[in-house]
Amino acid sequence: MTNQLRVGPNTRVLVLTGAGVSAESGIPTFRASADGLWENHRIEDVASPEGFAKDPTMVWRFYSERRARAATVAPNPGHIALAKLQRDLGDRMMLVTQNVDGLHQRAGSDPVTEIHGGLYKTRCTHCEREPFEDHDLYMTEGDLPFCAECAAQNKTSLLRPHIVWFGEMLNAADLHRVTRFISNAEDLIFVAAGTSGAVYPVANLVYRAKNSGGRTVLVNADEVQNASGFQQWIRGKSGEILPTLFDIEPPV
Ligand code: APR
């Protein structure tokens with residue numbers, strides 16, 4: 001197969017995924033589809049700190065609906081292929097996802113860098129406690145969750161989804177691990193799958209990979225906004241392309 005990527009004994013593979021990778025599982029993407037998630041909502045209402053301050057009930061309902069939806073779907077062959085790749089390559093493979101749906105983890109990927117946060121994690125808006133796993137649904141004002149640790153100190157603090165919203169910084173340690181993975185690679189393959197390249201700084205990773213001498217490959221159904229960073233575009237569905245994309249040379 002001509003589109004196969006040869007993975008040599010010193011090759012490192014960085015895979016960045018976006019909403020398109022979960023599309024075949026039945027989760028709507030954000031853009032470029034008639035039922036795109038952002039089509040029905042104003043981004044600034046449901047995915048910004050200002051939106052949350054204004055109407056936390058609506059924001060929690062939005063993420064609760066996504067929690068409920070993601071729980072009913074299953075990983076697809078694209079997720080499963082990436083989990084296998086990671087098992088085969090160990091720490092020569094890094095998986096970075098902008099998806100918050102947890103499907104990579106459910107397919108067996110470990111570790112997964114959830115660069116935009118996780119749908120099933122909640123954190124306090126005030127105290128520094130670690131984000132914690134949370135599958136609960138908060139649909140009405142009466143359901144709004146508050147921090148028990150703050151309550152123990154007579155403070156009332158709302159809990160919020162552990163999602164990187166527009167206008168917020170990425171986790172610096174995550175970003176540092178990704179850029180270190182790129183700069184430490186002698187022979188790098190960077191694959192972006194199912195992401196429209198519209199959201200920065202993640203959309204810049206392809207340029208970093210290219211500038212450090214990496215081979216840059218896009219697996220995507222439609223055109224992307226950071227197309228100039230890619231040397232190759234394999235057009236189509238990630239669930240069909242990823243399972244046969246990598247040709248791993250056996251160790252010598
Ligand atoms: N296989 C491959 N690509 C697909 C598939 C598929 N089965 N289905 C859709 N696509 C492509 C679309 O053509 C589109 O280019 O996936 C891309 C999805 O793009 P977006 O909806 O913009 O999603 P993403 O790039 O992940 O968004 C980035 O934006 O809204 C924020 O924080 C949110 O993490 C998200 C970020």
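Which residues of helix α5 are buried?

Tutor: Happy to! First, this is a predicted model, in which local features need pLDDT of at least 70 and side-chain atom pairs count only at pLDDT 80 or more, while totals for chains, interfaces and linings use all residues. Residues are numbered from 1 along each chain as its sequence is written, and side-chain values use heavy atoms, with hydrogens and water left out.

The buried residues of α5 are Gly-78, His-79, Ala-81, Leu-82, Ala-83, Leu-85, Gln-86 and Leu-89. Buried here means under 20% relative accessible area, exposed means over 50%, and partly exposed lies in between (1.4 Å probe, protein chains only). An α-helix has 3.6 residues a turn, so residues three or four places apart point the same way.

Element names follow DSSP runs numbered from the N terminus: helices are H or I with at least four residues, strands E with at least two. Helix α5 covers residues 77–89, 13 residues in total, and spans 18 Å from first to last C-alpha, close to the expected 18 Å; that expectation is 1.5 Å times one less than the number of residues. At its start, a side-chain oxygen of Asn-76 comes to within 2.7 Å of the backbone nitrogen of Gly-78. Following α5 is Gly-90, with a positive phi near 60°.

Now for the spaces. On a 1 Å grid over the protein atoms alone, a cavity is a set of points where a 1.4 Å probe fits but cannot get out, a pocket is an open set with protein on both sides within 12 Å along at least five of seven lines, and lining residues have an atom within 4 Å of a point. Points are joined across faces, edges and corners, and a volume is the space filled by probe spheres set on them.

The largest pocket holds about 930 Å³. It is lined by 48 residues, and Ala-19, Thr-29, Phe-30, Arg-31 and Gly-194 are the closest to its centre. Two or more lining residues come from each of α1 (20–23), α4 (56–71) and β9 (215–220), with α4 giving the largest share, three residues. By class, this lining has 22 nonpolar, 17 polar and nine charged residues. Nonpolar covers Ala, Val, Leu, Ile, Met, Phe, Trp, Tyr, Cys and Pro, charged covers Asp, Glu, Lys and Arg, and the others, Gly among them, are polar.

Finally, the backbone. The peptide bond joining Tyr-200 and Pro-201 is cis, with omega about 5°. Pro-201 sits in the loop between β8 (187–193) and α9 (205–211) and counts as partly exposed because its relative accessibility is 35%. Its C-alpha is 9.3 Å from that of Met-169, 32 residues away along the chain. Another cis bond runs from Asp-110 to Pro-111, with omega near 5°, and Pro-111 lies in the loop between α6 (103–107) and β4. Asn-154 is not a glycine, yet has a positive phi of about 60°. Asn-154 belongs to the loop between α7 (148–151) and β7 and, with a relative accessible area of 76%, is exposed.

Note on methods
A polar contact is a pair of N or O atoms within 3.5 Å; within protein, one must be able to donate a hydrogen and the other to accept it, and residues adjacent in sequence count only if both atoms are side-chain atoms.
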